[in-house]
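I am opening my notebook to look up a few things in this structure. Have a look along with me.

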Amino acid sequence: MGENFTFPVQIDQKIVEPVWKKNKDIVAEWEEQNKPTYFDPLRNRSVLMENGSLTIFNLEKDDAGTYMLQYWDSVKDHYLDFQLDVLDSLPEPNINCSTSHDELVLNCTAHFQGSLSYAWKLSNKPHSYQNQELSIPLKHVGTTTKATCIIKFSQTERSSEISLIQCLPEEKGDRNRGALIGAFVLTTIILVGSLVFLCRKGTNKLGTGRRTAHNNSPVNDSAAFSHAVHYEDEDPKEDTALNEDDSALKDKQTVKNAVNREA
């Protein structure tokens, strides 16, 4: 149902005045020198070609039946009979999954009157697998991998999709989820650490700039320089020796002054 169907007519010679009948009732005809004429129930839903082929659009259940093509080849009449069966619409396929011997086994089923063709498509693989059952090694099953089952009959197809993570054993599924969460947490930690490092680096640069500006100011230049020299270049022991020499000189000068006054 819902498909477009063309009767497989193959006639080599030129034909004249083709007529199509369904259950002995005319549904389409092409009289010479005229355009095709269509009748119910195929009115506005069919096309008759010059070679005698008839196409029905948007098949309905009631289109099923016996069809006959009658045509003239300038010598005699010819007849071709067809039996058209219209099946139900394709159902949505069901996907079942299980694990066996370190493999994930997928099985696709659909209840239909006709013989179906099955195919599998994995989200992480470019090609498809033409089979009703598909086995995948567990080690190749990713946490985001999806599988699609496609069924086809005639010109119509339908599909269903499943996330493979829900098919894994609980232990492996939890491990995969844990690995995914761990990777996310690690990425977050690295990102935060990088931001903190950059912020500190920016703060240090800003602080260094402020201290440089302060030390290079005209008012504090000499004081800062002498302070640095005092703590970095002078030896405290040498300062003590110099102070003692100064005291001795002061004492000698005091004695000399006293003698001069007495004289």
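My entries below go through the sheet, the disulfides and the salt bridges.

**Ground rules**

I am working with a predicted model, where local features need pLDDT of at least 70, side-chain atom pairs count only at pLDDT 80 or more, and totals for chains, interfaces and linings use all residues. Residues are numbered from 1 along each chain as its sequence is written, and side-chain values use heavy atoms, with hydrogens and water left out.

**Entry one: the sheet**

I began with strands, which are DSSP runs of E with at least two residues, while helices are runs of H or I with at least four; both are numbered from the N terminus. Two strands count as paired if DSSP finds at least two bridges between them. In general, strands of a sheet pair through backbone hydrogen bonds, either parallel or antiparallel.

In which order do the four strands of the open sheet run? I read E12-E11-E14-E15, with antiparallel pairing. Strand E12 (128–129) and strand E15 (156–163) are the edge strands, and each pairs on one side only. I then looked at strand E11 (residues 117–122) and strand E14 (residues 146–153), which share six bridges in the antiparallel sense.

**Entry two: the disulfides**

How many disulfides are there? With the rule that two cysteine sulfur atoms lie within 2.5 Å, I get two.

One of them joins Cys97 to Cys167, with 2.3 Å from S to S. Cys97 sits in strand E9 (residues 94–100) and Cys167 in the loop between E15 and helix H1 (170–215), so this pair ties together parts that are 70 residues apart in sequence. I also checked accessibility, where buried means under 20% relative accessible area, exposed over 50%, and partly exposed in between (1.4 Å probe, protein chains only). Cys97 is partly exposed at 30%, whereas Cys167 is buried at 8%.

A disulfide also joins Cys108 to Cys149, with 1.9 Å from S to S. Cys108 belongs to strand E10 (residues 103–109) and Cys149 to strand E14, 41 residues apart. Cys108 is buried at 0%, and Cys149 is buried at 0% too.

The link of Cys97 and Cys167 is left-handed, with -90° about the S-S bond. For Cys108 and Cys149 I also find a left-handed link, with -90°. Counting bonded cysteines along the chain, I note the pattern 1-4, 2-3.

Side chains of opposite charge can pair when their charged atoms come close. My cut-off is a side-chain nitrogen of Lys or Arg within 4 Å of a carboxyl oxygen of Asp or Glu. Searching the whole structure, I find five salt bridges.

Asp63 and Arg45 meet at 2.8 Å, N to O. Asp63 lies in the loop between strand E6 (54–56) and strand E7 (65–72), and Arg45 in the loop between strand E4 (37–38) and strand E5 (46–48), so the pair ties together parts 18 residues apart in sequence. Are these two buried or exposed? Asp63 is buried at 1%, and Arg45 is buried at 13%. Together with Glu60, they form a network of salt bridges.

Asp88 and Lys61 meet at 2.7 Å, N to O. Asp88 is in the loop between strand E8 (77–84) and E9, and Lys61 in the loop between E6 and E7, 27 residues apart. Asp88 is partly exposed at 39%, as is Lys61 at 38%.

Arg43 and Asp40 meet at 3.3 Å, N to O. Here Arg43 is partly exposed at 41%, while Asp40 is exposed at 55%.
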